[in-house]
Amino acid sequence: LPEVDDTTRTATALFALDDATLPAGASLELELERAVAESGYWLPLTALSEAQRGLWAVYALVDGAEGSVTERRLVEVIHTERDRVFVQGTLRDGERIVATGTQRIVPGQVVVGVAAR
């Protein structure tokens, strides 16, 4: 419907369904699949850390003299899906990303990387 609820900021959508066993007004979950032809990266949601001005950041692991050093990369969240996000930003192909525990990381910190399972 063309109206947006002022309180919830939601819109009502009406669908014609073949299943007549559902009562009118029932709440359903809609799974909609759509292809996006954009470059970017799928990351675990836990890899994100809050940055300034509405952006998000992730930590890349860069080889240094004493081990892997964390560097902050700014990203824009394009799509969220359950426990992962599709992002675009200053990441480069092949960079290793800190997947969890980002609240304990600061840029320039030396860390020991663990291979993904």
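Arg 73 is buried, and Glu 95 is buried too, where "buried" stands for under 20% relative accessible area, "exposed" for over 50%, and "partly exposed" for anything in between (1.4 Å probe, protein chains only). The model behind these values is a predicted one, in which local features need pLDDT of at least 70, side-chain atom pairs count only at pLDDT 80 or more, and totals for chains, interfaces and linings use all residues. Residues are numbered from 1 along each chain as its sequence is written, and side-chain values use heavy atoms, with hydrogens and water left out.

Back to the buried pair. Arg 73 sits in strand E4, which covers residues 67-81; helices (H or I, at least four residues) and strands (E, at least two) are DSSP runs, numbered from the N terminus. Its relative accessibility is 6%, so Arg 73 counts as buried. The side chains of Arg 73 and Glu 95 meet in a salt bridge, with 2.5 Å from N to O. That term calls for a side-chain nitrogen of Lys or Arg within 4 Å of a carboxyl oxygen of Asp or Glu. Because Arg 73 lies in strand E4 and Glu 95 in the loop between E5 and strand E6 (96-97), the pair ties together parts that are 22 residues apart in sequence. Side chains of opposite charge can pair when their charged atoms come close.

Glu 95 has another partner: its side chain also meets that of Arg 92 in a salt bridge (3.5 Å, N to O). Arg 92 is exposed, as its relative accessible area is 52%. Put together, Glu 71, Arg 73, Arg 92 and Glu 95 are linked in a network of salt bridges. Leaving aside residues up to four places away in sequence, Arg 73 touches Trp 56, Ala 57, Val 58, Ala 60, Val 62, Thr 90, Leu 91, Arg 92 and Glu 95, a contact being heavy atoms within 4.5 Å.

Over the whole structure, six salt bridges turn up. One of them joins the side chains of Arg 82 and Glu 31, at 3.7 Å from N to O. This pair links distant parts of the chain, 51 residues apart: Arg 82 is in the loop between E4 and strand E5 (84-89), and Glu 31 is in the segment before E1. Arg 82 is exposed, with a relative accessible area of 68%, and Glu 31 counts as exposed at 63%.

The segment before strand E1 (41-44) also holds Leu 28, which is exposed at a relative accessible area of 56%. Leu 28 belongs to a nonpolar surface patch with Phe 15, Leu 17, Leu 22, Leu 30 and Leu 32, and together they have about 680 Å² of accessible area. Patches are made of residues with over 30% relative accessible area and no salt bridge, joining like charges within 9 Å and nonpolar side chains (Val, Leu, Ile, Met, Phe, Trp, Tyr) within 5 Å. Accessible areas come from the Shrake-Rupley method with a 1.4 Å probe, and for residues only the protein chains shown count as cover.

As for the overall picture, the protein has zero helices and seven strands. Its radius of gyration is 20 Å, well over the 13 Å that the globule rule gives for 117 residues, so the protein is more spread out than a compact globule. The radius is taken over C-alpha atoms, and the rule is 2.2 Å times the number of residues to the power 0.38. Buried residues make up 20% of the 117 residues.
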